[in-house]
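Here is a short briefing on aromatic contacts and sheet packing. Keep the structure open while you read.

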Amino acid sequence: MQTDSFLVRHLGPRENDVKQMLKTIGVTSLEQLIDETIPTDIRLKNDLDLPKAMSEIEFAMHIKELAKKNKVYKSFIGLGYNAAILPAVIQRNIFENPSWYTSYTPYQAEISQGRLEALLNYQTMVSDLTGLSMANSSLLDEGTAAAEAMIMLYNTRSRAQKKSDANIFFVSKDVLPQTISILKTRSNPLGIELIIGDHEDFSFSKNVYGAIVQYPAKNGQIYDYTDFIEKAQQNETKVVVAADLLSLVMLKSPAKMGANVVVGTTQRFGISLGFGGPHAAYFATSETYKRQIPGRIIGVTVDANGNRALRMALQTREQHIKREKATSNICTAQVLLAVMAGMYAVYHGPNGLKYIAKKIHSLANILNKGIEKLGLKQCNKTFFDTLCIKVTNATKVNFIAQRFELNFLNIDEVTIGISLNETTTNEDINTILAVLAEAENKATITVAHFSVCENIPNNLLRTSNFLTHAVFNTYHSETEMMRYIKRLERKDISLTDTMIPLGSCTMKLNAASEMLPLSYSSWNNIHPFVPKNQVLGYREMLHTLEKQLNVITGFYATSLQPNSGAQGEYAGLLVIKAYHESNDQAHRHICLIPSSAHGTNPASAVMAGMKVVVTKTTEDGNIDVTDLREKAVLYKNNLAALMVTYPSTHGVFESAIREITEIIHKNGGQVYMDGANMNAQVGLTNPAEIGADVCHLNLHKTFAIPHGGGGPGVGPICVTKHLAEFLPTNPIYKTGGKNGITAIAAAPFGSALVDLISYSYIKMLGANGLKQATMYAILNANYLKTRLEKHYKILYSGERGRAAHEMIVDFRVFKEKGIEVSDIAKRLMDFGFHAPTLSFPVAGTLMIEPTESESKEEIDRFIEAMIQIKKEIDAYKKGTDSVLKNAPHTQEMLTNDVWKFSYLRKEAAFPLPWIANNKYWAPVRRVDDAYGDRNLICSCNPIEDYMESN
């Protein structure tokens, strides 16, 4: 074995396994299998033009050398990003723990109780600090959260407002510039008009349906928005407050001011700067909007025994169900970061958060006094952590500051901003004062040692308690915190336990060598708006990754800004729209989407201002080319785009793909390829080869970024040359095309820190390794298909009987026996497996994707489990109790003195011999989704509930 080859460690099947698998499939070589799977006319004729693969040790040395090109200065820039301290117990046990970062979105609640509890803690933290009764379990970033709030309020206007076409959304000039840019992006396609102005002299009209203000304002001033919100409500205008969550520890909550929605970031709760992300945004509102709130909500319900259980609430809002009627395309959130932020609050508790907030505020007051002694004007009358200072020459101040390895915010030629943070010390204050003194030719002064020094008016002080729940007042020693995290971890299934064969999700290995650089301060401790000469390492890494993705897709240019797959879809469609507008064809607004498409496709198209026209699918699961042609011709004068997934969501390489893309181009449209299934393409074919113009990639699928329990994700878009000039921009850091659309994400490069993972993956695999990974993904899928089709119906396959990298197994035939596909999903938990993708894209089916990282041994175990379940289905008699209907079986059931079931305990918990070697116990029985929606509870119980039960 070649021990210095990363490829050998990444691939699951061993050499001898491959021979057996090929024999089972009925081919003589891997090359023959690929020839029978992918149409010849779209196969690449040359290998990818990428450097030779690095070994893991070579890469480790390379990434450390590259990191040296970054300059890690202390940044006091602010603008929504502040240095924070991640407690080591959270770093070690969550951030660096694959049991947390390799889990999937908690659709299967019974095997996700640990992270569901962690997310419930997060929601409770947000609700308490904002003062609003409901919060979701995270969004992508603050700017996106603000845009989602704007759209939610637009969609929920009163009947009178809709009738009068009230479409104006007021934006305070003090809102963060990156947020304003995203609001511009998201408002325009929907016909929402933005008015940007001063909230203190704005006059409401009946056409103003909503407004947003920043608290504290972007340059640090704290306003009491009570009167503004009261005037707004008198006008039936709803108000969004974008709030610094840490400041709310000390400040009056936005709910007390009357806010309808509160949004922001939880980055200050222990999350690294990461050159802009990933960070978990929060979104809080009242129960009035519980069925419109974007993103995912964790709620309390009961299991089959009536015991408390957690699950994702109100799932009927999901895009897969509502499709073009969805009010948001949010799919991936920022679960891992939300879990960490929630744990930060658990570890520190309310008193710890007060200490941190008061320390930051006190240092700001100490700095303010020092500035006064220097004779400089500080503009903010009331502030939490940010000072706005008048200077003689802002450029000179920053030049000197950088000599001291500090970064300040240049507001204008004579004004700077300084935002303090959790890491700031008394020594830092003295250094800042020394910089200012030198810049202004004044004598240096020093301040006394730290002392608590508060200066917030009574009308702006928080008076209400927060985080009174037991969970925030218990785990304050590292020992107890470590054990609490471990207890939650043990409740869940992740890739550390078993394969997660979710179709369309590509749950492959997230290698340790790819993950390690994320913990280096030379990568994770850099503000997104530092001068470019301080991020030469980052710029080289990101630029190289863009070039790598260009080569892999066959396209001309890439934007890494979209921070989820759905955001990549949206960005790609807006780029197409901008292209049409540049050709005086703004009328092109029809988007053709096959009926089998991913649910976010139609949702993204509607958000981009397009009208969705659905095209038919044939009985064998392919796009109906005749129907597509008819609709393309019918709408040729207004055709904007086709959204197509390739290989298809049905797991097939459709041979007509080039004919399909040619039809669209002949009728004036552009082709958008959804890259969800790119894991079956890399090195063998590419989007350019099939005739696409733009695609998004899921770096959290194909390129090894872990799913994190539901985020982070990265969804870059790759485009042809004629679309490159329209790639998204940023208002602060120059990036994107020369005629680029406004921002898609808050940070210039989205979730830049985790891009390191995909960069690592490509560097260590190289051209040959990437190709081999794709071939093994197809091998594993077809081996699985060949063995399963003797027992189940595989719904679709290619013209020569092959699957791409995933397949759909049909369970609808068992419905007449009373067996639902969800019974199979729950029963798999007893075997220690996470269920495949349930009822998507076809109801009553499971979509299975093994990925290239799973060994033959693991795949065989899964197959054995599926064969055993088939025997249980065959033995089932409608109306009787069954291991299928009662699954999953908990340890409590098995150890109970009373066993009321007709089958043996061994049949329930240990149906196959190998299960006993590594038994996973679901912590709850099957959850009651309907009960949870009828009795919606989305936060922790108050401490009084625990007191009453004792």
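A residue counts as buried when its relative accessible area is under 20%. Phe 703 has a relative accessible area of 0%, so Phe 703 is buried. The model is predicted.

**Aromatic pairs**

- The count of aromatic pairs comes to 31.
- One of them joins Phe 59 and Tyr 759, which form a tilted pair at 6.3 Å centre to centre, with 55° between the planes.
- This pair links distant parts of the chain: Phe 59 sits in helix H4 (residues 56–67) and Tyr 759 in helix H26 (residues 752–788), 700 residues apart.
- Both Phe 59 and Tyr 759 are buried.
- Phe 703 and Tyr 761 also pair, edge-to-face, at 6.1 Å centre to centre and 85° between the planes.
- Phe 703 lies in the loop between strand E20 (694–697) and strand E21 (717–719), while Tyr 761 belongs to helix H26, so this pair ties together parts that are 58 residues apart in sequence.
- Tyr 761 has a relative accessible area of 2%, and the cut-off for buried is under 20%, so Tyr 761 is buried.
- A cluster of rings, linked by ring pairs, takes in Phe 275, Trp 523, Tyr 538, Tyr 733 and Phe 749.

**Charges over rings**

- Arg 157 lies over the face of Tyr 154, at 3.8 Å from the ring centre.
- Lys 919 lies over the face of Phe 910, at 5.6 Å from the ring centre.

**The open sheet**

- Seven strands form an open sheet with mixed pairing, in the order E15-E21-E20-E19-E18-E16-E17.
- Strand E15 (557–559) and strand E17 (611–615) stand at the edges; each has a single partner strand, so one side of each has no neighbour in the sheet.
- From one strand to the next, the twist averages 25°.
- E20 and E21 pair in the antiparallel sense, over three bridges.
- Val 694 stands opposite Val 719 in E21.

**Helices on the sheet**

- Helix H21 (residues 565–582) packs on the sheet and touches strand E18 (639–645), strand E19 (670–675), E20 and E21.
- The direction of H21 makes about 170° with that of E19.
- Helix H22 (residues 600–607) also packs on the sheet, touching strand E16 (590–594), E17, E18 and E19.
- The direction of H22 makes about 175° with that of E16.

Methods. Residues are numbered from 1 along each chain as its sequence is written. This is a predicted model: local features need pLDDT of at least 70, side-chain atom pairs count only at pLDDT 80 or more; totals for chains, interfaces and linings use all residues. Side-chain values use heavy atoms; hydrogens and water are left out. Rings of Phe, Tyr and Trp (its six-membered ring) pair if their centres lie within 6.5 Å; planes under 30 degrees apart count as stacked, over 60 as edge-to-face and the rest as tilted. Helices (H or I, at least four residues) and strands (E, at least two) are DSSP runs, numbered from the N terminus. Buried means under 20% relative accessible area, exposed over 50%, partly exposed in between (1.4 Å probe, protein chains only). A charge sits over a ring if NZ of Lys or CZ of Arg is within 6 Å of the ring centre and within 35 degrees of the ring normal. Two strands pair if DSSP finds at least two bridges between them. Axes are lines fitted to C-alpha atoms, for helices over the stretch in contact, and angles run from 0 to 180 degrees between N-to-C directions. Contact means heavy atoms within 4.5 Å.
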